[in-house]
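Trainee: I would like to go through some labels and the cut-offs behind them. Could we start once the model is on screen?

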Amino acid sequence: MTGSEALVRFLRSLEARDLSRETIRSYESTVTAYLDWLATHDADWRSPGRATLRAYLADLSEGHARTSVAQRLAALRAFHRYCARSGLAPGDPWGAVATPRLPRRLPKVLEVEQVEALLAVIDEDLAAVAAGTSRTSRHDPELARAIALRDRALVETAYAAGLRISELAAADLASLDLRRGELRVMGKGRKERIGLLGRPAREALTGYLDEARPVLDARRDPLARDPVEVFLNHRGGPLGVRGLRMRLDRLRRLAGLPEGVSPHTLRHSFATHLLEGGADLRVVQELLGHESLATTQVYTHVSPAHLRDAYRQAHPRARVT
C-alpha cells in the first residue's frame, strides 16, 4: 500500500470520529507534505529511519514556529499510530525520535474587575442611546439599543458558561433553557455538554430575546431562512465567529484591556475563577468539555494576588513591619 492510500484510510477514520472539517484538512495537508518529503528523499513511508526523521524535523523547524511544529508532529504521530493499529505499517517511527517540547504557558486570564469593565462599556453604550448621543442611535436608536443588549448577553453567556467562540456562534434557541439556566452546546468531537447560566446571564439573555432579537430579526432578508441561532447580527442573520471577535475586540479596546485579550480569554477566566472560588477540578473539566483532566489542570495555577494574600496571612515574617 502506498502512503497516499494509507492517508485516505486515515482521513476516513478521522471522519468517522466526527472531527471538524478544519482539523481533517489540517491533518491532510500536514501528512501529504510529509509523505512528499519522504518520497523525494527515497525513504519508505512505513519505516523511515531515525536519521531521515531528524532531517525532516530540522527542515520543518526552519520554516515554522515551535507551536506549528508541535501541531504537525502530533498529526504525523496520529497517522503512524493509525497505520500501526491497522496493520499498514510496523509501528510509530517517531516514537524513537526526541522532539522539541513546548514551554508550558499559562493562559491569559481576566480579573473579575476586568470582566466588569467590559460590561461597563455596554452600559455606556445604552446610556448614550438613551441620551441620543451615540452616532448609531441618532440614525436608528432602536437598532443601537438592540446591538448593545445583544453584546451584553454575549459577554455574560460566554463568561457564565465558559464557551468556545464556535460554540457561542452556533448556540441555537432550541438548546437554551432559561428557566433551568442551561444551554446545550456541541463541543469538540461533536460531544454535547450543558453550559450553566447564572442570574446575570439569564437576565441579559431574557432582555436580549424579548427586546433586541426581534428588532434584529426584522432586518433580515425576507427570502432568507428563519435563523435558529441565538445571536444575530445587525442584518438579522446569524452572528458568526468573525463578527463575535470584532464585537468583543471593540469592547476590549473601549474597556482599556490589553492586546491579546480574546473571546477565549473569557473561557480561561471562567475556569480560573471557578477554581479560585473552590470548585472541584473534575467539575470544571466537565463544564469545559475537556476529554482529559490534564488539559484542565493548566487552570490550577494561582494568581499573583492570591499568592501574595496567602503569603501575608501564612508566613510569620510577612507581617513584620
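Trainee: Why is Ile194 called partly exposed?

Mentor: Its relative accessibility is 37%. Buried means under 20% relative accessible area, exposed over 50%, and partly exposed in between, with a 1.4 Å probe and protein chains only. Ile194 at 37% therefore counts as partly exposed. As for the basis, this is a predicted model, where local features need pLDDT of at least 70, side-chain atom pairs count only at pLDDT 80 or more, and totals for chains, interfaces and linings use all residues. Residues are numbered from 1 along each chain as its sequence is written, and side-chain values use heavy atoms, leaving out hydrogens and water.

Trainee: What makes Phe10 buried?

Mentor: Its relative accessible area is 2%, and the limit for buried is under 20%, so the label applies.

Trainee: Why is the pair of Phe10 and Tyr27 called stacked?

Mentor: Rings of Phe, Tyr and Trp (its six-membered ring) pair if their centres lie within 6.5 Å; planes under 30 degrees apart count as stacked, over 60 as edge-to-face and the rest as tilted. The centres of Phe10 and Tyr27 are 6.0 Å apart and the planes are at 25 degrees, so this pair is stacked.

Trainee: What makes Tyr56 and Trp94 edge-to-face?

Mentor: Their ring centres are 6.2 Å apart and the planes are at 65 degrees, which is over 60, so the pair is edge-to-face.

Trainee: How do you know that Tyr56 and Trp94 are buried?

Mentor: Tyr56 has 6% relative accessibility and Trp94 has a relative accessible area of 1%. Both values are under 20%, so both residues count as buried.
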